[in-house]
Amino acid sequence: MKNRLRVLRAERGWSQQDLATRLEVSRQSVNAVETGKYDPSLPLAFRIAALFGMAIEDIFLWEESQ
Amino acid sequence: MGMGLKGGAVQRRYFCRLFGSGGLYLAATFAANRLLDRDAPLSVANVAIALLPGLAVLGMIWAIARLYIEIQDEYLRMLEVRKAMFATALTLAICSVWGILEMFTTVPELPLFWVFPIWCFGLGFGGLWNKLTLGDAGCA
């Protein structure tokens, strides 16, 4: 699943570790989500959305082919 | 390796439990080896001494189980579960195939004692598999 996490993080000037600390997850988790290697659970997706003040579907992009 | 805000404590507890049980295992195995012959008669005392290393193995299995329960970071937990699945598949494959070889040929017997060490080696290979496929080995 594609996502806009890297762009949103960069817009705020946060490092992966900054975002990880805010989400209370590991930096590896942030990297895995950003690079599309790992799709987060619904609770973590909600936490990410809440942190950026956006809806989940504005951050994570579903494609029909998936 | 960072594990999130509380992950370091989880990792420390895991290694304390694992190495504590591992140390107990070495000491109990050494003691059983010194106190018992290979063909020691079946008595309560002998069985109790021979069971001590087994209890230490249970301690190591408990330490691994607690790690899976206590990891809060879902990605790192997935990595550890993938390692365990890889280790289980490898252990089942080796033990099943070797067991069939034992049944039909004269290959030496594989003592059941080796099942847990094989599984632990499998965890290492599982970490390598994680590293090659996802870029992260795991957290333990």
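Chain B has 11 positive and 9 negative side chains, and the centres of these two sets lie 11 Å apart. Chain A carries 9 positive and 9 negative side chains, with 8 Å between the centres of the two sets. Keep in mind as you read that this is a predicted model.

**Chain B: helices and domains**

- Chain B contains four helices and zero strands.
- The chain is divided into domain 1, covering 1-72, and domain 2, covering 73-140.
- Where these domains of chain B touch, 15 residues come from domain 1 and 13 residues from domain 2.
- The C-alpha centres of domain 1 and domain 2 of chain B are 19 Å apart.

- The C-alpha trace of chain B spans about 55 × 35 × 20 Å along its principal axes.
- Of its 140 residues, 34% count as buried.
- Its accessible surface is about 8,900 Å², and carbon and sulfur atoms supply 72% of that area.
- Take the contacts in chain B with a separation of 6 or more: 73% of them join residues 24 or more positions apart.

**Chain A: helices, strands and overall form**

- Chain A has five helices and two strands.
- Starting at the N terminus, its elements follow the order β-α-α-α-α-α-β.
- The radius of gyration of chain A is 11 Å, close to the 11 Å that the globule rule gives for 66 residues, so chain A is as compact as a globular protein of that length.
- Along the principal axes, the C-alpha trace of chain A spans about 35 × 20 × 20 Å.

- Among the 66 residues of chain A, 41% count as buried.
- The accessible surface of this chain comes to about 3,700 Å², with 52% of it belonging to carbon and sulfur atoms.
- For contacts in chain A with a separation of 6 or more, 57% are between residues 24 or more positions apart.

- You can find A:Arg9 in helix H1 of chain A, which covers residues 5-11.
- Is A:Arg9 buried or exposed? Its relative accessible area is 10%, and the cut-off for buried is under 20%, so A:Arg9 counts as buried.
- Which residues is A:Arg9 in contact with, leaving aside its neighbours within four places in sequence? They are A:Trp14, A:Ser15, A:Gln16, A:Leu19, A:Glu34 and A:Phe52.

- A:Glu24 sits in a loop of chain A, between helix H2 (16-23) and helix H3 (27-34).
- Most residues other than glycine have a negative phi.
- A:Glu24, however, has a positive phi, near 60°, although this residue is not glycine.

Terms used:
Residues are numbered from 1 along each chain as its sequence is written. Chains are lettered from A and ligands numbered from 1 in the order in which they are written. This is a predicted model: local features need pLDDT of at least 70, side-chain atom pairs count only at pLDDT 80 or more; totals for chains, interfaces and linings use all residues. Side-chain values use heavy atoms; hydrogens and water are left out. The radius of gyration is taken over C-alpha atoms; the globule rule is 2.2 Å times the number of residues to the power 0.38. Buried means under 20% relative accessible area, exposed over 50%, partly exposed in between (1.4 Å probe, protein chains only). Contact means heavy atoms within 4.5 Å. Accessible areas come from the Shrake-Rupley method with a 1.4 Å probe; for residues, only the protein chains shown count as cover. Lys and Arg count as positive and Asp and Glu as negative; His and the chain ends are not counted. The place of a charge is taken as NZ of Lys, CZ of Arg, CG of Asp or CD of Glu. Domain bounds come from an automatic or database domain assignment.
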